[in-house]
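Me: Please take a close look at a single part of this model. Then set that part in the context of the whole chain.

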Amino acid sequence: MKNLILVSLLITTIISCKQEVKPEKETKVQEEQKEEVIPDRSGDFPEDIAAVFKAHGGINAFDQMNSMIFEIAKPEGNEKHTIDLKTRYARVETDKFVLGFDGKEAWLEQDSTYFKGNPRFYHNLMFYFYAMPFVLGDDGISYQKVDDLKVGDISYAGYKISYGDGIGDSPKDNYFLYFDKPSGKMKFLGYTVTFFSKESSEKISLIEYANWNDVNGILLPTSLKWRAYKDGVVGEVKSEMNFVNAKIDKKKVSSSLFKKPSIEKSKTL
């Protein structure tokens, strides 16, 4: 009898084991971080402009980037610029002042009156000069072929860049891009300033892009030289600006960096 009971229990145990459903192995599903697909705009520009972009790393490569940092070398201390390339939020900081743009307001923070300029005008001024020629790929731009700029025995091909109504703070600004024909690299930039007058201007200032540096596959200037310029004649160097510690990256910077400080000594313009 005892043997019968043991056999019965053994059979019951075997059946239970067979019917037991083993838990499935846990599988860790890692969510793939999908990179934003940036369309290639290389074919959206005149052939010469597209060639200039290509000579500097390509407009598509630039469009993949999300942040840019550079410093202007100054004897009293460098001036650091940080830009969100997608929103164009900006921060400019020195030992004496910090100013920025959060998408709506341009703000200024300082303990003195060291910075006497207009934050709204200045927050992206040097970025536009530094990020040439790629900022000339922004929306709302028109391109018009102009006469070559002759400097010594060399002629540089040129385009006039103008903006549609309501584009940016200074839609009446004009730029003149001149590039080296064999290499396609940008050489000179002519520009007008209409921010304050809001009226078109015939006065053209001229910058020479003297040297370039490969930063993460993008050519960015290491120095800018303002040249005397009148009636199409390029004169002597009037001033020079040098750039150091440049970075351009797909990584984004925190949006909090561009927020207006909530303190009394900051002001907005």
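Reply: Contact means heavy atoms within 4.5 Å. Among contacts in the chain between residues at least 6 apart in sequence, 45% join residues at least 24 apart.

Some ground rules come next. This is a predicted model, in which local features need pLDDT of at least 70 and side-chain atom pairs count only at pLDDT 80 or more, while totals for chains, interfaces and linings use all residues. Residues are numbered from 1 along each chain as its sequence is written, and side-chain values use heavy atoms, with hydrogens and water left out.

The part I pick is helix H2, residues 47-55. Helices (H or I, at least four residues) and strands (E, at least two) are DSSP runs, numbered from the N terminus. Buried means under 20% relative accessible area, exposed over 50%, and partly exposed lies in between (1.4 Å probe, protein chains only). In H2, Ile49, Val52, Phe53 and Ala55 are buried. They sit on the same side of H2 because they cover an arc of only 165° around the axis. That arc is taken from the directions from the helix axis to the C-beta atoms. An α-helix has 3.6 residues a turn, so residues three or four places apart point the same way.

The other face of H2 is turned away from the buried side. It carries the exposed residues Glu47 and Lys54.

A salt bridge is a side-chain nitrogen of Lys or Arg within 4 Å of a carboxyl oxygen of Asp or Glu. The structure holds 9 of them. One pairs Glu208 with Arg227, with the closest N and O atoms 2.6 Å apart. Glu208 lies in strand E10 (residues 205-215) and Arg227 in E11, so the pair links distant parts of the chain, 19 residues apart. Glu208 is buried at 11% relative accessible area. Arg227 also counts as buried, at 16%.

Another bridge joins Lys260 and Glu105, with N and O 3.1 Å apart at the closest. This pair spans 155 residues, from the loop between strands E12 (233-249) and E13 (266-268) to the loop between E4 (97-101) and E5 (106-110). Lys260 is partly exposed at 36% relative accessibility. Glu105 is partly exposed at 29%. Glu79 and Lys74 also meet through their side chains, at 3.0 Å from N to O. Here Glu79 is buried at 3%, whereas Lys74 is partly exposed at 27%. Lys145, Asp148 and Lys181 form a network of salt bridges.

Now the whole chain. It has 5 helices and 13 strands. Of its 269 residues, 38% are buried. The chain exposes about 16600 Å², and carbon and sulfur atoms supply 50% of that. These areas come from the Shrake-Rupley method with a 1.4 Å probe; for residues, only the protein chains shown count as cover.

Last, confidence. pLDDT is the predictor's confidence in each residue, from 0 to 100. Its mean over the chain is 84, and 78% of residues reach 70 or more. Strand E1 (residues 67-72) is highest at a mean of 98, and helix H1 (residues 2-19) is lowest at 42. Where pLDDT is low, the predicted coordinates should not be read in detail.
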